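Trainee: Could we go through this protein together, one question at a time?
Mentor: Gladly, let's have a look.

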Amino acid sequence: MERLIVWKWATAMLVVATVGCGATRSSGCPAAPTKGPSFQTVRRDETYPVVAATFVDFRAAAQIAAPFRVSMGDGLYATGRTISEFCVYYTTVVSDVDCRVDSVTVVVSIGVTLPSWRIPVQVGDLDLLNYRKYLAALALHEEGHVRIAQSFGAKLRSALETVAAPTCSEVLARAHGRVLSARQQVARAYVVYDELTRHGRQQHVVDIDSLPKTLLGSD
Ligand SMILES: [Zn+2]
């Protein structure tokens, strides 16, 4: 049977996944699918300045200086944030029987924001030590959000590979549904992760490598 093959780039679907101790923001997706592997991470690391005389003051000031306002309960506000988005690019191939995904690239776009203490000259050694420990723990916590997003992104890519439907618009709808579903899974996993770690305040209890497998979307 003669098969009519039509190649077509679908437009990039951008879906804001988000969260990670924080609010929604768009959009870190590349305008076009980047060359290279079909699963990639694009990451932006940012800091915001915090002016304070001591480490104790820094902890209070960081909550106010943070460019986001996310309550962690107990009257405390988050000082670190991870935003993740799934950027999906795919081509379809059309035959006389159906339209199906021919190739798909998923880019997990990640933005991590941490505080940066403008350390005064007269700072004490203990303050400096405490700050470094605090920042390392916070960075580790945000890394867990990154790991979760990447894990679900990889699963999403696999799920998109096999999408097929009578028409390409149905393929688009199904693919979109899978992206939305992955976004919800990430959002749920972020909430559970933040509960487990109390937003990083108990990060020593749950280190990234011992995260429950369900958090990472593993069966
Ligand atoms: Zn968190």
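**Strands, helices and how they meet**

Mentor: To start, β6 and strand β7 (residues 99–118) pair in the antiparallel sense over 14 bridges; two strands pair if DSSP finds at least two bridges between them. This is a predicted model, where local features need pLDDT of at least 70, side-chain atom pairs count only at pLDDT 80 or more, and totals for chains, interfaces and linings use all residues. Residues are numbered from 1 along each chain as its sequence is written.

Trainee: In what order do the elements of the protein run from the N terminus on?
Mentor: Helices (H or I, at least four residues) and strands (E, at least two) are DSSP runs, numbered from the N terminus. The protein has three helices and eight strands. From the N terminus on, they run β-β-β-α-β-β-β-β-α-β-α.

Trainee: Which residue of β7 stands opposite V88?
Mentor: A hairpin of four residues joins β6 to β7. Further along the pairing, T92 has V101 as its bridge partner in β7. For V88, the residue opposite is V106.

Trainee: Over how many bridges do strand β3 and β7 pair?
Mentor: β3 covers residues 39–51, and its pairing with β7 is parallel. The number of bridges between β3 and β7 is 13.

Trainee: How many of the 20 residues of β7 are buried?
Mentor: A residue is buried if 20 or more other C-beta atoms, placed from the backbone, lie within 10 Å of its own. In β6 (residues 81–94), 11 of 14 residues are buried. β7 is largely enclosed by the rest of the structure, because its buried residues number 14.

Trainee: How far does α3 reach from its first C-alpha to its last?
Mentor: α3 (residues 168–197) has 30 residues.

How values were computed
Expected span 1.5 Å × (residues − 1). Buried ≥ 20, exposed ≤ 12 C-beta atoms within 10 Å, placed from the backbone.
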